[in-house]
Amino acid sequence: MNIFEALRESHELQRKLCRSLTRVKPAERDALFLRLKVELEAHAAAEERFLYVPMLMTNPGLSSSRHALAEHHRIEELCEDLSVPDKSTAEWLETARTLSEKVHHHLREEEHKFFQVAGKILSDSAKVQLGKRYLKDLLEMRRHYAGAYKSLAISREGEVVMASA
């Protein structure tokens, strides 16, 4: 699996979690938000290491990488804004909608612009090697970030799930 295929898998999961977050009942928001937050953090860390860094090392990839890093930072700030005990307010839901919009925009932009730039810069063998390294790091980062929450665990398939009671 190359880096772009691996990233798209995580992108689809992020889209699904974002859509669900803005639709679930207030009582279910905390658990779903934690899963989304961990997925976003783990994905960003692994993606920055294994796609953005190689792209930052090239002139054609510099501008788009910097833009994508700024978007990751904005998404991280929104997650911090949502990390409050009371997730039942209209303000929280509005911020969750903003997060969902920002995530969807970022993923669309990456897949339709950034991946095309990166695809021209990276060799086929580099794409495969980076994909393997990304997937390994993504799992490590999911474990790392989920470890901060007693309510989360990592499934056998490597996904962030609610811990069993």
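The model is a predicted one.

Two packed helices are described by the angle between their axes and the distance between the axes. Helix H3 covers residues 59-82, and helix H4 covers residues 90-121. Their axes lie 10 Å apart, at an angle of about 160°. Angles over 145 degrees count as roughly antiparallel, so H3 is roughly antiparallel to H4. The crossing of H3 past H4 is left-handed. The contact of H3 with H4 draws on 13 nonpolar, 9 polar and 5 charged residues.

The length of H3 fits its residue count. At 1.5 Å a residue, its 24 residues should span 34 Å. The end C-alpha atoms of H3 are 36 Å apart, which agrees. Several residues of H3 are buried, including Gly61, Ser65, Ala68, Glu71 and His72. Ile75, Leu78, Cys79 and Leu82 are also buried in H3. An α-helix has 3.6 residues a turn, so residues three or four places apart point the same way. The cover over the buried residues of H3 includes helix H2 (26-56) and H4.

Helix H1 (residues 3-21) also packs on H4. The axes of H1 and H4 come within 9 Å and cross at roughly 165°. This angle makes H1 roughly antiparallel to H4. H1 passes H4 in a left-handed crossing. On the H1 side, the contact residues include Phe4, Leu7, Arg8, His11 and Gln14. Arg15, Cys18, Arg19 and Leu21 of H1 take part as well. Among their partners in H4 are Trp92, Ala96, Ser100, Val103, His104 and Leu107. Arg108, Glu110, Glu111, Phe115, Ala118 and Gly119 of H4 also belong to this contact. The residues of the contact of H1 with H4 divide into 10 nonpolar, 5 polar and 6 charged.

Ser100 belongs to helix H4. Its relative accessible area is 10%. Buried means under 20%, so Ser100 is buried. Leaving aside neighbours within four places in sequence, Ser100 is in contact with Cys18, Arg19 and Thr22.

Ser10 lies in helix H1. With a relative accessibility of 3%, Ser10 counts as buried. Beyond its neighbours within four places in sequence, Ser10 is in contact with Glu39, His43 and Tyr134. Ser10 and Glu39 are 29 residues apart along the chain. The C-alpha atoms of Ser10 and Glu39 are separated by 8.0 Å.

Terms used:
Residues are numbered from 1 along each chain as its sequence is written. This is a predicted model: local features need pLDDT of at least 70, side-chain atom pairs count only at pLDDT 80 or more; totals for chains, interfaces and linings use all residues. Side-chain values use heavy atoms; hydrogens and water are left out. Axes are lines fitted to C-alpha atoms, for helices over the stretch in contact, and angles run from 0 to 180 degrees between N-to-C directions. Helices (H or I, at least four residues) and strands (E, at least two) are DSSP runs, numbered from the N terminus. Angles under 35 degrees count as roughly parallel, over 145 as roughly antiparallel, 65 to 115 as roughly perpendicular and the rest as oblique. A crossing is left-handed if the near helix is turned anticlockwise from the far one by less than a right angle, and right-handed if clockwise. Ala, Val, Leu, Ile, Met, Phe, Trp, Tyr, Cys and Pro count as nonpolar, Asp, Glu, Lys and Arg as charged, and the others, Gly among them, as polar. The expected span of a helix is 1.5 Å times one less than its number of residues. Buried means under 20% relative accessible area, exposed over 50%, partly exposed in between (1.4 Å probe, protein chains only). Contact means heavy atoms within 4.5 Å.
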